[in-house]
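Thank you all for coming.

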Amino acid sequence: MSEQTANHPLTKYRWTICALIFFATTVNYLDRQLFSLMVPFFEDELKLGPTDLALINVSFILPYGLSMMFVGRVIDRIGIRKGLGGAFLLWNLASIAHASVRSLTGFMSARFLLGIGESGMFPAAIKTMTNWFPLRERALATGYFNAGSNMGAILAPLLGVAVATVFGWRACFVLVGGCGIAWIFFWNRMYAEPEDHPKVHSTELAHIRSDLNEHEAPLSATQLFSLKPLYGLLFAKALSDAPWWFYLTWMPKFLVDQFHLDKTFMAIAIPVIYLIADVGSIAGGWMSSALIKKGMPVGKSRKLTMLACALAVTPVMSVGLFVDRPALLGIGSIYWVVGIVALAAGAHQGWSCNMFTLVSDTIPKSAIAMAIGVINGFGMVGASALQFFVGRTVQLTNSYTIPFMVAGSLYLVALLGIQIMVPKVEPHFPTKKSNMPAVIAGGLAILAALAFLQYDSNKPPFKSLDDYRQKLEAKGTKIIGGNATATIGWMKGLWFELEDKAGKTKFELVKLDTQGRPFVEPKGAKASKYEGPKETELKALIETPAK
């Protein structure tokens with residue numbers, strides 16, 4: 001650090017470091033958001049259904065979360081500069097590898113490596129904010145860098161759709177991966193710890209360390225898991241991350257499938273959502289910091305801000321009801337949907353920056369990265385569970401109504417968990433060691449439950465057309481006609497005329513996956529990407545008995 005006079009004006013190099021992390025987060029979300037945006041470009045080419053997409057999403061989300069449980073510990077030991085630089089290199093090479101995949105397995109492998117690489121981002125970022133900012137500025141700084149996630153989500157559709165339209169979807173992954181590798185050059189040249197940085201004057205260092213807690217002894221995993229606040233944060237993160245990942249991974253497909261948007265309009269709608277989310281991220285950090293400056297206790301300011309965010313999310317429960325409704329109060333339904341989801345995304349980001357800051361408010365500094373890793377890892381378990389639920393629900397109902405209702409209710413439950421487990425926000429220090437065998441057994445039980453959910457959600461409702469017929473007959477319904485064909489995207493469709501035991505008849509559309517397993521299409525001829533006869537034409541077409 002340079003020698004400075006005692007009255008040297010306060011410098012602001014800490015905000016340069018915040019800007020570096022902002023750009024890192026932007027690249028991070030460019031990488032992770034790109035896949036969901038490209039789904040409409042390649043799902044027919046690679047013949048991927050909703051449960052396949054859920055499985056690919058979890059192939060990223062779960063390794064991302066589980067790796068965080070270990071990568072935070074590594075970053076605590078080797079330092080932020082090496083830890084984040086190495087993670088950046090791995091995940092951007094994995095991003096480039098997406099361009100070479102040709103199958104479901106290929107996508108799962110590329111997403112798996114991407115998840116492991118990206119797991120280093122937020123543990124390193126939160127530890128950087130803790131190292132470079134005093135408590136009274138930390139939430140605002142976290143809000144600024146976390147806004148990079150929304151910037152990445154804004155740029156991804158603007159750049160991705162344009163590049164994919166002209167050069168193909170594979171070129172997008174190469175371009176984004178190359179941008180990430182370029183960032184590493186600036187990181188290596190510009191980052192050092194505050195005490196060692198030549199551009200940090202003594203006055204700025206004193207400002208950064210103005211509320212330094214002297215308890216700096218490294219914590220073990222057994223000590224960390226003995227801290228009661230950790231469990232409240234684990235619970236809240238699992239519930240509140242799940243809706244965010246639902247928006248990130250399913251919104252492009254939802255808009256294209258349910259509102260029949262073309263890809264160009266999608267490139268406009270998605271940035272609007274994350275532009276509002278950007279505002280929410282900064283506003284959430286500003287609100288709690290402003291309340292603290294006015295004299296409100298830290299814990300109350302954080303929780304009050306999070307309550308406001310949780311309430312702002314609840315309108316998203318109505319989104320599924322706008323499908324097949326042309327307008328409300330003279331405004332097109334699609335505009336209502338984009339506005340409501342944008343509000344929910346902004347509220348989530350306001351919630352998220354305070355959630356991250358609660359970690360640094362309650363966990364000793366020497367264990368921040370490890371704690372963030374564990375908390376984010378548990379968050380990804382919750383996100384994975386909702387992914388399987390969404391995939392199964394969409395596969396069976398071709399509707400997103402239930403997932404949006406679930407997403408809108410989770411934040412209030414999460415906040416209740418925080419209030420019960422962390423009634424007072426203050427630094428907690430270990431006084432004993434946890435029972436690690438019990439902690440590990442609990443973790444394994446949760447993973448086993450998630451594995452069962454994955455198995456159950458991917459289990460087809462019918463093994464074959466014969467199985468479909470037999471299950472209909474078991475309910476007293478028989479097929480009295482069939483063989484009219486259609487297509488629903490890449491899937492072949494068959495129309496059947498059914499008669500129940502009361503003698504009432506109806507037409508039912510069944511679509512077949514790559515293995516010939518049938519799924520009932522509840523929307524019939526109104527399904528997205530449907531090509532075939534109109535339902536009014538079916539009586540004339542279906543005349544022969546079904547084979």
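Helices here are DSSP runs of H or I with at least four residues, strands are runs of E with at least two, and both are numbered from the N terminus. This is a predicted model, in which local features need pLDDT of at least 70 and side-chain atom pairs count only at pLDDT 80 or more, while totals for chains, interfaces and linings use all residues. Residues are numbered from 1 along each chain as its sequence is written, and side-chain values use heavy atoms, with hydrogens and water left out.

Let me begin with the cavities. On a 1 Å grid over the protein atoms alone, a cavity is a set of points where a 1.4 Å probe fits but cannot get out, and its lining residues have an atom within 4 Å of a point. Grid points are joined across faces, edges and corners, and a volume is the space filled by probe spheres set on the points.

The largest cavity has a volume of about 270 Å³, and of the 21 residues lining it, Pro 50, Lys 253, Asp 257, Ile 488 and Lys 511 lie nearest its centre. Helix H10 (228–259) gives the largest share of this lining, three residues.

The second largest cavity, of about 130 Å³, has a lining of 16 residues, and those nearest its centre are Tyr 29, Lys 237, Asp 241, Trp 244 and Phe 356. At least two lining residues come from each of H1, H6, H10, H13 and H14.

That brings me to the charged pairs. With a salt bridge taken as a side-chain nitrogen of Lys or Arg within 4 Å of a carboxyl oxygen of Asp or Glu, the whole structure holds 16 of them. Lys 237 and Asp 241 form one, with their closest N and O atoms 3.1 Å apart; both residues lie in H10, four residues apart, about one turn of the helix. Are these two buried or exposed? Both are buried, which here means under 20% relative accessible area, with exposed being over 50% and partly exposed in between (1.4 Å probe, protein chains only).

A further salt bridge joins Lys 478 and Glu 499 at 3.7 Å, N to O. Lys 478 belongs to strand E3 and Glu 499 to strand E4, so this pair ties together parts that are 21 residues apart in sequence.

Finally, Glu 43, Asp 44, Lys 253, Asp 257 and Lys 529 are linked in a network of salt bridges.

Methods
On a 1 Å grid over the protein atoms alone, a cavity is a set of points where a 1.4 Å probe fits but cannot get out, and a pocket is an open set with protein on both sides within 12 Å along at least five of seven lines; lining residues have an atom within 4 Å of a point.
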